Amino acid sequence: MKENNHLPLFGVGPVIVYGQFIITAAAIFLVKKNAHGFGEIHALDIPFLCIGIALIAFGIYLNFNAKVKSKLFQKVAENQLITDGVYAVVRNPVYSAALLGCTGAVFIVNNLLLMIVPVICWIYVTVFLIQTEEKWLADLYGEAYHKYCKSVNRCIPWFPKK
């Protein structure tokens, strides 16, 4: 690890998070403006609403744990690689939280045309992370980061791999 360097406090985070929100909002706007009910399944309104709310709530929980409980900004400023707490189940919980929020919004709107939006957002996040933060972290933390990557998913919260 390089002692005199650390990641920027915000880095590409706002671009990733706000980018997901913009993609989702634009897709919802376009579908609602032009679809005239195409792709809506009203029998699923209640279940999709419940799923959407649950996804958004889980995203808020994940974001809170990543930033507050794990002391994200303090540890970045102190140049510490965070691998415990919520970071033990997903490497990028803040971006995952935004992805869950966008997916929840898509479910709440309940339109089959919008189901592609979470996939587009996931690709967007993955490409940005591979091109930016993952390179920075590998440069800063070397083998410790590579080992961490092998045991924890990038964006989808899951039990640590053995």
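Predicted model: local features only at pLDDT ≥ 70, side-chain atom pairs only at ≥ 80, totals over all residues.
Visitor: Where is L114 found?

Guide: L114 lies in the loop that joins α4 (93–109) to α5 (117–131).

Visitor: Which residues does L114 touch, leaving aside those up to four places away in sequence?

Guide: With those neighbours set aside, L114 makes contact with A27, I28, V31, V106 and V109. By way of a distance within the chain, L114 and Y95 are separated by 19 residues in sequence and by 20 Å in space, C-alpha to C-alpha.

Visitor: How many helices and how many strands does the protein chain have?

Guide: The chain has seven helices and zero strands, and its pattern along the sequence reads α-α-α-α-α-α-α. The C-alpha trace spans about 55 × 25 × 25 Å along its principal axes. Of the 162 residues, 40% are buried. Among contacts with a separation of 6 or more, 82% involve residues 24 or more positions apart.

Visitor: Which residues of α1 and α4 make the contact?

Guide: From α1 come G13, I16, V17, Q20, F21, T24, I28 and K32; from α4 come V94, Y95, A98, L99, C102, A105, V106 and V109. By class, the residues of this contact divide into 12 nonpolar, three polar and one charged.

Visitor: At what angle do α6 and α7 cross?

Guide: The axes of α6 (residues 133–141) and α7 (residues 143–151) cross at roughly 130 degrees and come within 6 Å. The two helices are therefore oblique to each other. E134, L137, A138 and Y141 of α6 meet E143, A144, Y145 and H146 of α7. This contact of α6 with α7 comprises five nonpolar, one polar and two charged residues.

Visitor: Which residues touch the most other members of the largest nonpolar core?

Guide: A nonpolar core is a set of buried nonpolar side chains joined by contact. The largest one has 25 residues, and Y87, V94 and Y95 touch the most other members. The elements giving two or more residues to this core are α1 (13–34), α2 (45–69), α3 (72–77), α4, α5, α6 and α7. The largest share, five residues, is from α4.

Visitor: What does V94 touch beyond residues up to four places away in sequence?

Guide: V94 touches V17, N63, A66, K67, L72 and Y87. There is also a second, separate core of nine residues, including I28, V31, L99 and V117.

Visitor: How many disulfides does the count come to?

Guide: A disulfide requires two cysteine sulfur atoms within 2.5 Å, and the count here comes to zero. C50 is in no disulfide, as the nearest cysteine sulfur, in C102, is 20 Å away. C50 itself is partly exposed, at a relative accessible area of 49%.

Definitions and conventions: Residues numbered from 1 in each chain as written. Heavy atoms only, no water. Helix = DSSP H or I, 4+ residues; strand = E, 2+ residues; numbered from the N terminus. Contact = heavy atoms within 4.5 Å. Axes fitted to C-alpha atoms, helices over the stretch in contact; angles between N-to-C directions. Parallel < 35°, antiparallel > 145°, perpendicular 65-115°, else oblique. Nonpolar A, V, L, I, M, F, W, Y, C, P; charged D, E, K, R; others polar. Core = buried A, V, L, I, M, F, W, Y, C linked by side-chain atoms within 4.5 Å. Buried < 20%, exposed > 50% of the residue type's maximum accessible area, 1.4 Å probe, protein only.
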